[in-house]
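Subject: Structure for you to look at

Hello,

Here is the structure I promised to pass on. Please open it first, then read my notes below with the view beside you.

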Amino acid sequence: MRFAVIVFPGSNCDVDMYHAAKDELGEEAEYVWHDSTSLEDFDAVLLPGGFSFGDYLRTGAIARFSPIMNEVVKAAEAGKPVLGVCNGFQVLLEAGLLPGAMRRNESLKFICRPVQLKVKNNETMFTSSYQKDEVIQIPIAHGEGNYYCDEQTLANLKANNQIVFTYDGTNPNGSIEDIAGIINAQGNVLGMMPHPERAVDPLLGGADGLKLFKSIVKQWRETHAVKA
Amino acid sequence: MYKVKVYVTLRESVLDPQGTAVKKSLDTMGYPNVQDVRIGKYMELTLEKTERKIEEVVEEMCERLLSNPVIEDYRYEIEESVVL
């Protein structure tokens, strides 16, 4: 399976994403610069964390208009797995691939620490290796993770089971309904503030994020074995 | 040439954590009569005249990039300046 790790000016979790796909999963991975114009050779797209374009104007607002984003939209429409973590999530929101928007953390502080997440939906291509309601520990590192959407959007998210991760216990940023990660209605675009790629080895303080990446590969192998 | 001033603020329905912090600070400084503080952005754009209607162009830019319609409102002022 071939993973694309999109790199914007200011991305800083691209190396961790690459490491998760290449070294931990043992799959193929390649960095793709933001002004590239094709993702055709890839089976999955990873949008890493960081501060693309310095977070100028709004987080993800400028990255969203990078040439590669047209290709990310195409990949999403084609049903390929698209994972956006932290700034990657913010970019997906700005691009309209996921509903809602980010506000500054309620505390106005940048928060960097491990948090407990609850897997609310384990029937996605990103979470099938987890148990439903399993509590996992994944680090967060963000100043703008205070997810917001209007009531109608929230009702839709709930009705379609699109809330994939919630903060368990304390909500670190004030997000609506303790939301930490959501998926699109089609079920192939996941955005989350916590960093699963920073939790793929006990040496890093935990490996609870590894199952997320393994789920993607598992799903891909299953669908492609059927076709073969 | 046009000078365009764009003001972007969080929507009324969206809680503004920065505004809330500033309001609290003003309150402790002895301004208890401050009812609300909303923090926003101010941008100045200089535009050349084109065939398109200036209002249409500015609104398009506001909708697409300068504001995020999910959480923000915008308003703008357009001044036509004479190039000497």
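B:R52 is partly exposed, at 38% relative accessibility. Its partner is B:E60. The two side chains form a salt bridge, with N to O at 2.8 Å. B:E60 is partly exposed too, at 34% relative accessibility. Please keep in mind that this is a predicted model. Every value here is computed from it.

Which residues make up a network of salt bridges? They are A:R58, A:E94, B:K41 and B:E72, joined through shared partners. Look at the letters: the network has residues from chain A and from chain B.

The general idea is simple. Side chains of opposite charge can pair when their charged atoms come close. Over all chains, the count of salt bridges is 15.

Now two pairs in chain A.

Start with A:E134 and A:K211. Their side chains meet in a salt bridge of 3.1 Å, N to O. Where do the two residues sit in chain A? A:E134 is in the loop between β6 (111-119) and β7 (135-142), while A:K211 is in helix α5 (residues 210-227). The pair therefore ties together parts that are 77 residues apart in sequence. Is A:E134 buried or exposed? A:E134 counts as buried, because its relative accessibility is 19% and the cut-off for buried is under 20%. A:K211 is partly exposed, at 33% relative accessibility.

The second pair is A:K132 and A:D133. Here the salt bridge spans 3.8 Å from N to O. A:D133 is partly exposed, with a relative accessible area of 37%.

Next, the backbone of chain A. Two residues deserve a look.

A:F53 has a positive phi of about 50°, yet it is not a glycine. Find A:F53 in the loop between β3 (44-47) and α2 (68-77) of chain A. Its relative accessibility is 23%, so A:F53 counts as partly exposed.

A:L57 also has a positive phi, near 70°, and is a residue other than glycine. A:L57 is in the loop between β3 and α2 of chain A. Its relative accessible area is 25%, which makes A:L57 partly exposed.

Last, chain B as a whole.

How many helices and strands does chain B have? There are two helices and three strands. From the N terminus, their order is β-α-β-α-β. The radius of gyration of chain B is 17 Å, well over the 12 Å that the globule rule gives for 84 residues, so chain B is more spread out than a compact globule. Along the principal axes, the C-alpha atoms of chain B fill a box of roughly 50 × 30 × 15 Å.

Of the 84 residues in chain B, 26% count as buried. The chain exposes about 5,800 Å², and carbon and sulfur atoms supply 52% of that area.

What about contacts in chain B? Take those between residues at least 6 apart in sequence. Of these, 71% join residues at least 24 apart.

Finally, charge. Chain B has 12 positive and 17 negative charges.

Then go on to A:E134 and A:K211.

Best wishes

How values were computed
Residues numbered from 1 in each chain as written. Chains lettered and ligands numbered in written order. Predicted model: local features only at pLDDT ≥ 70, side-chain atom pairs only at ≥ 80, totals over all residues. Heavy atoms only, no water. Helix = DSSP H or I, 4+ residues; strand = E, 2+ residues; numbered from the N terminus. Rg over C-alpha atoms; globule rule 2.2 N^0.38 Å. Buried < 20%, exposed > 50% of the residue type's maximum accessible area, 1.4 Å probe, protein only. Contact = heavy atoms within 4.5 Å. Areas by Shrake-Rupley, 256 points an atom, 1.4 Å probe, with all protein chains shown as cover. Lys, Arg positive; Asp, Glu negative; His and termini not counted. Charge placed at Lys NZ, Arg CZ, Asp CG, Glu CD. Salt bridge = Lys/Arg side-chain N within 4 Å of Asp/Glu carboxyl O.
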